[in-house]
Amino acid sequence: MNRDRGNREWLNDYMSLKQVNPENPFTVPEGYFDSLNEQVLSKIKVEELKKSIPETGFTIPSNYFEELSGNIQARVNVEEALDKGTAAFTVPEGYFDELTGNIQARISIEKAADKETAGFAVPEGYFESLAGQIESRVFVEDALSETGSFTVPAGYFNDLTENILNKTTLEKKEQKGVIIRMFSSAAFKYASAACLVLALGATLLLNRSSSPVEEHNNSFLHKSLSSISVDDIQSYLQTHLDNDNDNRTLLDESKQIDANNLSRDLQEALDTTSQ
Amino acid sequence: MAAQVEDAEILRKFQDEKTRNEAFNLLLKKYQQKLYWHIRRMVIDHDDADDIVQDTFVKIWKNLPGFRSDAQLYTWMYRIATNECITFLNKKKQRNNIPLDDVAYELADTLADSTYFNGDKAQLKLQQAILTLPEKQRLVFNMKYYDDMKYEEMSDVLGTSVGALKASFHLAVKKIESFLLSKD
């Protein structure tokens with residue numbers, strides 16, 4: 001190093017700095033530089049020792065680094081062999097030559113398709129209200145699908161087809177005619193009501209139109225006397241009317257006819273007459 | 001006298017395995033104080049300077065076999081020492097998470113409390129003024145003011161052009177002069 005300690009003329013322009021003692025104001029501990037050599041050499045030895053000793057406790061197999069290159073080379077060869085396996089795939093001849101053109105053509109088609117769809121229009125504010133509409137629809141669908149809580153017997157739907165076929169195709173074979181359910185028709189109901197009304201009306205009418213003769217014919221007296229011949233009756237009357245002491249009357253309005261007595265009397269008279 | 005041994009002789013001995021340690025001893029004796037003071041003026045604290053000077057010589061030992069003889073040995077070692085100083089100051093900034101200006105204040109405090117500073121009031125003020133400079137200007141001023149190093153040598157050490165170094169030096173001197181005039 002070339003020192004030119006005398007060449008400090010530049011200090012003449014800086015008087016304040018020139019007045020400062022240019023000597024080194026720093027000091028060091030006593031004997032510091034005497035021991036600095038040894039300290040530096042000791043540190044160098046420590047550094048070399050660190051370099052020579054492997055990291056704490058870590059060791060490697062013997063000849064590891066000697067074999068490392070060969071191992072890496074072998075691994076590289078294996079990787080290359082595996083890569084060649086993928087190289088067995090082939091592409092049509094000229095595939096990559098045409099690939100760029102094909103991709104560009106596809107892009108053009110896609111762009112054209114996009115332009116076509118761009119021609120379609122939707123009502124104003126369609127997409128703004130679309131979300132609300134879909135949500136409403138979903139809500140309605142959910143409400144309708146609440147019947148989903150109903151259940152069917154196990155295997156119901158498995159047998160349903162067969163059951164329906166049995167009830168439809170088999171019954172059709174047996175019943176070739178058309179079945180009309182009368183009880184379910186409205187005309188039958190009206191007809192039945194009309195018949196009932198007619199029957200009741202006829203009954204009432206017939207009961208009202210019966211005459212005294214008919215009533216008598218239907219009476220018990222008439223039925224009892226009708227079995228006796230007229231001659232018997234005449235002879236009976238003559239017998240009893242000729243006798244003046246006999247004050248009995250055939251009919252007394254004030255008395256009820258005693259059917260038992262009358263029958264008994266008639267029977268006696270008949271018996272007498274026949275003797 | 002070891003200081004008189006030429007750098008070329010030291011390098012020649014270092015190349016020989018048998019005289020390598022002897023050569024390094026000569027190197028240490030010749031340059032240890034110069035490098036120490038260069039470092040000390042940058043980091044102020046003696047213990048920090050001690051650590052850095054030892055690390056510097058360890059690096060010199062490791063890299064000396066690859067040293068190209070076309071460069072000056074002195075400036076090459078100065079460059080290593082300077083880089084170690086800058087690395088140390090950067091680590092100090094990161095470790096304390098403080099900006100560069102605060103590092104200068106911290107160094108000024110260290111200087112005021114240092115046991116190994118026996119300068120007078122003017123010298124203390126000068127050191128405080130130097131600590132207000134950016135790192136590059138501090139380096140240039142110290143190498144010129146204390147070591148009388150030529151700009152060409154400083155250019156080798158700092159990797160900066162001579163013109164830029166001259167400009168930096170004059171800026172630094174102006175700031176220091178201003179500092180010395182403005183404060184008691």
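Predicted model: local features only at pLDDT ≥ 70, side-chain atom pairs only at ≥ 80, totals over all residues.
**View 1. Chain A is built from helices without strands.** Chain A holds 11 helices and zero strands, so that its order of elements, read from the N terminus on, is α-α-α-α-α-α-α-α-α-α-α.

**View 2. The largest nonpolar core has 48 residues, with Ile39(B) and Ile176(B) touching the most other members.** Helix H2 of chain B, residues 20-43, gives the most to this core, with 10 residues. The core also draws on both domains of chain B, taking at least three residues from each of domain 1 (1-117) and domain 2 (120-184). Leaving aside residues up to four places away in sequence, Ile176(B) touches Leu126(B), Ala129(B) and Ile130(B), and also Leu17(A) from the other chain.

**View 3. The contact between the chains takes 32 residues from chain B and 25 residues from chain A.** On the side of chain B that touches chain A, the elements giving two or more residues are H2, helix H3 (46-63), helix H6 (121-131) and helix H9 (162-182) of chain B. H2(B) gives the most to this side, with seven residues. By residue class, the side of chain B that touches chain A divides into 16 nonpolar, nine polar and seven charged residues.

**View 4. Helix H4 of chain B covers residues 73-96 and has an end-to-end distance that agrees with expectation.** The buried residues of H4(B) are Leu73(B), Met77(B), Tyr78(B), Ala81(B), Thr82(B), Glu84(B) and Cys85(B). An α-helix has 3.6 residues a turn, so residues three or four places apart point the same way. The buried residues of H4(B) pack against helix H1 (7-15), H2, H3, helix H7 (135-145) and helix H8 (151-158) of chain B. After H4(B) comes Asn97(B), whose phi is positive, near 50 degrees.

**View 5. Glu9(B) lies in helix H1 of chain B and counts as exposed.** Glu9(B) is classed as exposed because it has 12 C-beta neighbours inside 10 Å, and the cut-off for this class is 12 or fewer. The C-alpha atoms of Glu9(B) and Ala23(B) are separated by 8.3 Å, although these residues stand 14 residues apart along the chain.

Definitions and conventions. Residues numbered from 1 in each chain as written. Chains lettered and ligands numbered in written order. Core = buried A, V, L, I, M, F, W, Y, C linked by C-beta atoms within 7 Å. Buried ≥ 20, exposed ≤ 12 C-beta atoms within 10 Å, placed from the backbone. Helix = DSSP H or I, 4+ residues; strand = E, 2+ residues; numbered from the N terminus. Domains from an automatic or database assignment. Contact = placed C-beta atoms within 7 Å. Nonpolar A, V, L, I, M, F, W, Y, C, P; charged D, E, K, R; others polar. Expected span 1.5 Å × (residues − 1).
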